[in-house]
Every structure is written in C-alpha cells, then in structure tokens.
Amino acid sequence: MITLISPSKALRKLAENVRSRRLSAGLTQEGLAERSGVALPTLRKFEQKGVISLESFLRLLLVVGGIEEVIEAIKPVKPAFSSIDEVLKEETSIRKRGRRK
C-alpha cells in the first residue's frame, strides 16, 4: 500500500484532531492535562509540534474520545484466503518478471 502522507504530517494531523476534540469538549489545555494525567508542557508540545509518547497520546484520547477508533483502525486485516490451497493457487498464477532467452 502506498501512502502520500509523511509521518511528521500524520503527527501534526493527529495533534490537530485532538485539539479540535478538546475544544469541542470545552476543555482548556490545563483541564485536559489535569483530567488525562499528561503534563501540561507535554500537551502543549503535542498540540504545537505533534510530538508525544504513545502512552500520553492514548491518555488524551481516553478523555477527548477516539481510543476505540484508533484500536479499530490498526486491527490486522483478515487474509483474503481461507485455505492453503487458495494461497498456492494464487502464488502460481502471479506472473514473475524475468528475462526471456
């Protein structure tokens, strides 16, 4: 799968989304920091630069909502095959590049 978003852009987008959720909930940075147990300077750095530990990020999501969606989003994808026979059949039908003699 090809993605056009860089990790730094993804971090900034996550920070924007958490900030929007915080504002929608009527919370100040101080209020969210207190409720989540995340230090206020850590929250400020996250909202400004997108830098935060995973544990702190999840603590913020517990307060503003969204932790279930994050867990759902990273669920493993079910394999498209139900048996080894299907895998072998697919493997032999895939054309491989090579030189012609």
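Q: Contact means heavy atoms within 4.5 Å; which residues in α1 meet which in α4?
A: On the α1 side they are Leu14, Val18, Arg21 and Arg22, and their partners in α4 are Phe57, Leu60, Leu61 and Val64. This is a predicted model, where local features need pLDDT of at least 70 and side-chain atom pairs count only at pLDDT 80 or more, while totals for chains, interfaces and linings use all residues. Numbering starts from 1 along each chain as its sequence is written, and side-chain values use heavy atoms, without hydrogens and water.

Q: How do you know that α1 and α4 are roughly parallel or antiparallel?
A: The axes of α1 (residues 7–24) and α4 (residues 54–64) come within 10 Å and cross at roughly 30°. Angles under 35 degrees count as roughly parallel, over 145 as roughly antiparallel, 65 to 115 as roughly perpendicular and the rest as oblique. The two helices are therefore roughly parallel to each other.

Q: What makes the aromatic pair of Phe46 and Phe57 stacked or edge-to-face?
A: Rings pair if their centres lie within 6.5 Å; planes under 30 degrees apart are stacked, over 60 edge-to-face and the rest tilted. Phe46 and Phe57 are 5.9 Å apart centre to centre with 70° between the planes, and the pair is edge-to-face. Phe46 lies in α3 (residues 40–49) and Phe57 in α4, so the pair ties together parts 11 residues apart in sequence.

Q: Why is Phe46 called buried rather than exposed?
A: Buried means under 20% relative accessible area, exposed over 50%, and partly exposed in between. Phe46 has 1%, so Phe46 is buried. Phe57, at 10%, is also buried.

Terms used. Axes are lines fitted to C-alpha atoms, for helices over the stretch in contact, and angles run from 0 to 180 degrees between N-to-C directions. Helices (H or I, at least four residues) and strands (E, at least two) are DSSP runs, numbered from the N terminus. Contact means heavy atoms within 4.5 Å. Rings of Phe, Tyr and Trp (its six-membered ring) pair if their centres lie within 6.5 Å; planes under 30 degrees apart count as stacked, over 60 as edge-to-face and the rest as tilted. Buried means under 20% relative accessible area, exposed over 50%, partly exposed in between (1.4 Å probe, protein chains only).
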